[in-house]
Amino acid sequence: MKATFPIQAELTAIAIAYRNTRLIADEVMPRVPVGKSEFKYFKYAMAEGFTLPDTRVGRKSKPNQVEFSATEETASVEDYGLDDPIPISDINNAPPNYDPEGRAVEGIMDLVLLDREVRVANMVFNAANYGAANKVTLSGTDQFSDFSNSDPVERLTACLDACIMRPNAMTIGRPAFSVLARHPMILKAINRNSGDAGIATRQAIADLFELEEVLVGEAWVNTAKKGQTASLSRAWGKHISLQYRNKLADTRRGMTFGLTAQHGGRIAGSTFDKNIGLRGGKEVRAGESLKELILANDLGYFIQDAVA
């Protein structure tokens, strides 16, 4: 199908290359390609992989049979994109080595990626997306911000061990991580000392709990309506998610907590619009087609309100 909006290779290259390095959504829910905008994916029955059949075989008998089933679900990617109108006068009067259309693509992708960051944060930090036995809400002296009474080493170890497949990644909001990294019990376990001072690194915490990675959500988002005074808040709250993340999984094979289906790549282009300013202008558009999915809620553990 031919696109009615002209897609330009040079602007698409900018959209593909551009990446806000402070965002973690692509690591939390890795992207996998799908061939069509509507696609099917498998949700597996967890019990099948752990129910032990009789594997003994008689001298002349036939071995027992097993069958691995999955529920086939259907989903569709959604389009996410924005337009940025640029008057011809702005393009003609741009300073040397400044590309207004390319800069517009970067600005658009910044907002499209921030929107994705918020979507993923809202999914991963939503207690409803976890198994009934795989979530806990902390309060009072149990919260890690209470250095005198809480024990994050014991709590996190128990949560990791409670999952049917031990999580290998931690997603944590910056406010919670800043507290966890200074907790005396964490520093004692890592530094083998009294733990009365210091800050633990992400890698040290990952090594302590035998995790592949600790992902810290840094993003800010303005929650005020357009025209009102900006009100910035963290996209990732004061929570912790522990997930089993399989980077080789896709919509058809492999078990993982969650992933992102992506149809095609990012696109960008521009078209002339006579209604922009006196002399017309360029309408620059960029975006992508995605669907975030949680495939196995038993492969994650959610700690809500980890800090006060």
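# Questions on a predicted chain

Trainee: Which residues does Val 105 touch, not counting residues up to four places away in sequence?
Mentor: For Val 105, residues up to four places away in sequence are left out. With contact meaning heavy atoms within 4.5 Å, Val 105 touches Leu 11, Ile 14, Ala 15, Ala 268, Val 284 and Ala 286.

Trainee: How many helices and strands are there in the chain?
Mentor: This is a predicted model, in which local features need pLDDT of at least 70, side-chain atom pairs count only at pLDDT 80 or more, and totals for chains, interfaces and linings use all residues. Residues are numbered from 1 along each chain as its sequence is written, and side-chain values use heavy atoms, with hydrogens and water left out. Helices (H or I, at least four residues) and strands (E, at least two) are DSSP runs, numbered from the N terminus. By that rule the chain has eight helices and 14 strands.

Trainee: Is Arg 119 buried or exposed?
Mentor: Arg 119 lies in helix α4. Buried means under 20% relative accessible area, exposed over 50%, and partly exposed in between (1.4 Å probe, protein chains only). Because its relative accessibility is 16%, Arg 119 counts as buried.

Trainee: Over the ring of which residue does the charged end of Arg 119 sit?
Mentor: Residues up to four places away in sequence aside, Arg 119 touches Tyr 80, Leu 290 and Glu 292. A charge sits over a ring if NZ of Lys or CZ of Arg is within 6 Å of the ring centre and within 35 degrees of the ring normal. Here the charged end of Arg 119 is 3.6 Å from the ring centre of Tyr 80.

Trainee: What is the length of the polar contact between the side chains of Gln 262 and Arg 31?
Mentor: Gln 262 is in strand β11 (residues 258–263) and is buried, at 17% relative accessible area. A polar contact is a pair of N or O atoms within 3.5 Å; within protein, one must be able to donate a hydrogen and the other to accept it, and residues adjacent in sequence count only if both atoms are side-chain atoms. The side chains of Gln 262 and Arg 31 are joined at 2.6 Å.

Trainee: How far apart in sequence are the parts that the pair of Phe 125 and Phe 302 ties together?
Mentor: Rings of Phe, Tyr and Trp (its six-membered ring) pair if their centres lie within 6.5 Å; planes under 30 degrees apart count as stacked, over 60 as edge-to-face and the rest as tilted. The structure holds five aromatic pairs; Phe 125 and Phe 302 form a tilted one, at 5.9 Å centre to centre and 35° between the planes. Phe 125 lies in the loop between α4 (100–124) and β5 (135–137) and Phe 302 in strand β14 (residues 300–304), so the parts tied together are separated in sequence by 177 residues.
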